[in-house]
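Please look through the sequence and the model below, and keep both in view while reading the paragraphs that follow.

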Amino acid sequence: MFDPVIAPSGTLLGLLQRGRGDGTLHALAAPRADALAALNHCVLHDPRQDWRVENRSLYYARLYLDLHGGLDEIEAHLFGAEDVFDTEDSRTGLALSVLGHLAAYGRRDALLLLRRYAATGANWAWALDELALRDDDAGLRTLAEPVLDRFPADAEGDAALAAAVRDAFEPRPWRLWAEDPRERVGARVRAAGERGSFDRWQRQLRPTGPRPGWSVQAVLDWAQQGLERGTELHGPAARCLKAVAGPEDRPAVVEAARSGPDGARCAALHYLAEARDPAVLDLIETASTDPSRIVADTAVSAFERMCGEAAVDRARGWVQRPDALGASAAAVLADRGTPQDAKLVLGALRRTVRSEGPDAAALYALVDGAGRLGIGCAAPVLRHVYRETSSSELRGRTARALAATDPMYATGFAVECLWDCEETTRELAAQHAETGDVRVAERLRRLAADPAEEAEVQTAVRNRIGPDLQV
């Protein structure tokens, strides 16, 4: 999936792309045609940095309901010619998820679109998963033949069908179809299910792939051979070393970490870091500047996973470094430092925003650290990250940090967060938002009554409604 183009945060489109609560509030106040145009753009051009950890579908579905939006543009997107050539899930996944939520809210047109797409579209499996959660048995049974017709009645088709049944995220449709009395439906699905189960059992019984010999040198050689084949095995190799290495093997492992070939060196660094070997911090410092990219990256990664006061103390000396090891040291202090490290974490937070912008990967740990350490003077830069980041996951973490550092959070961003696309952010807002604001009281009531809302959010809402708010 290509990187989405995100509009400025002060525009309606930019707010909706980010999934901010203010996006919904501005859309409801904007001319309806403008709001629907921006909403459709977001749904048809997924704006998320990482769809696996960021939510948008319920957020957009609720806005379609509030704006009484039609689904013509989604229909054109799903059934256009491009669906034949671009079969990536990222092209249609968000639109299908939005339709799923709309169907759950009772939109019959969304349900019918999902059925049509499951019968004829390239990303049919996603649509079928959405229907498995929302459609009735009769509706699902009508899809049995169109779906099965995708799999030719030959050895290759049967194998593909068995894989589809085995890997289905929602098994309900396949279970229904297995009960179908027709030979070409029920019998075929049952046979595919049995084959899928047998294939899984075979893989578990006879795992494939190379295995290292049970000696330190054999494990190091295995890690190096894997790298030469293009497979990084230093993580599994480090676990194998943990099982086979004894005190007498330490000199060989340390030497491998110092000057061994890249694969063996990475495995040794991982193993020594996990063992908290007294020599590993010096080895990591040396390896972090190695010309080999994989060695340098592995050294930094190994340090980030280290526990103990020695690693934290070394991080205090490395945090000013303008390289990856310095960024790793800042993350270690943010995660495991003490109040005496607040100034170092704040400095790293400011430098990262200034040099890398509000979407930098390093900000996740630093934002968490600012909240954990209660760094009050970090609030201005946290507010900037909250407004500008295009990642709703990072914005949610920033909101949590603001709740711990910004005395204005309850009357400021917490109100907006009640409409946020992330359920964890809405839950946080429900715990903190000042109920004197009339918008807060009404929003809490709506969240409490919404059957699509997450249970954790509704629990937080009801806890507020009890002592603070009379329904």
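Which residues in helix α2 (residues 21-29) are buried? In this predicted model, the buried residues of helix α2 are Gly21, Gly23, Thr24 and Ala27. As for what lies against them, the buried residues of α2 pack against α1 (12-18), α3, α4 and α27 (413-417).

One of the aromatic pairs is formed by Trp51 and Trp126, whose rings are tilted, with 50 degrees between the planes and 5.9 Å from centre to centre. This pair links distant parts of the chain, since Trp51 belongs to the loop between α3 (32-44) and α4 (57-67) while Trp126 belongs to helix α9 (residues 124-134), 75 residues apart. Trp51 is partly exposed, having a relative accessible area of 44%, whereas Trp126 has a relative accessibility of 19% and, because buried means under 20%, counts as buried.

Another aromatic pair, formed by Phe303 and Trp318, is edge-to-face, with 65 degrees between the planes and 5.0 Å from centre to centre. Here too distant parts of the chain are linked, with Phe303 in helix α20 (residues 293-304) and Trp318 in helix α21 (residues 309-318), 15 residues apart. Both Phe303 and Trp318 are buried.

A ring can also have a charged residue over its face, as with Phe79, where Arg116 lies over the face of the ring at 3.9 Å from the ring centre.

Notes:
Residues numbered from 1 in each chain as written. Predicted model: local features only at pLDDT ≥ 70, side-chain atom pairs only at ≥ 80, totals over all residues. Heavy atoms only, no water. Phe/Tyr/Trp six-rings, centres within 6.5 Å; stacked < 30°, edge-to-face > 60°. Helix = DSSP H or I, 4+ residues; strand = E, 2+ residues; numbered from the N terminus. Buried < 20%, exposed > 50% of the residue type's maximum accessible area, 1.4 Å probe, protein only. Lys NZ or Arg CZ within 6 Å of the ring centre and 35° of its normal. Contact = heavy atoms within 4.5 Å.
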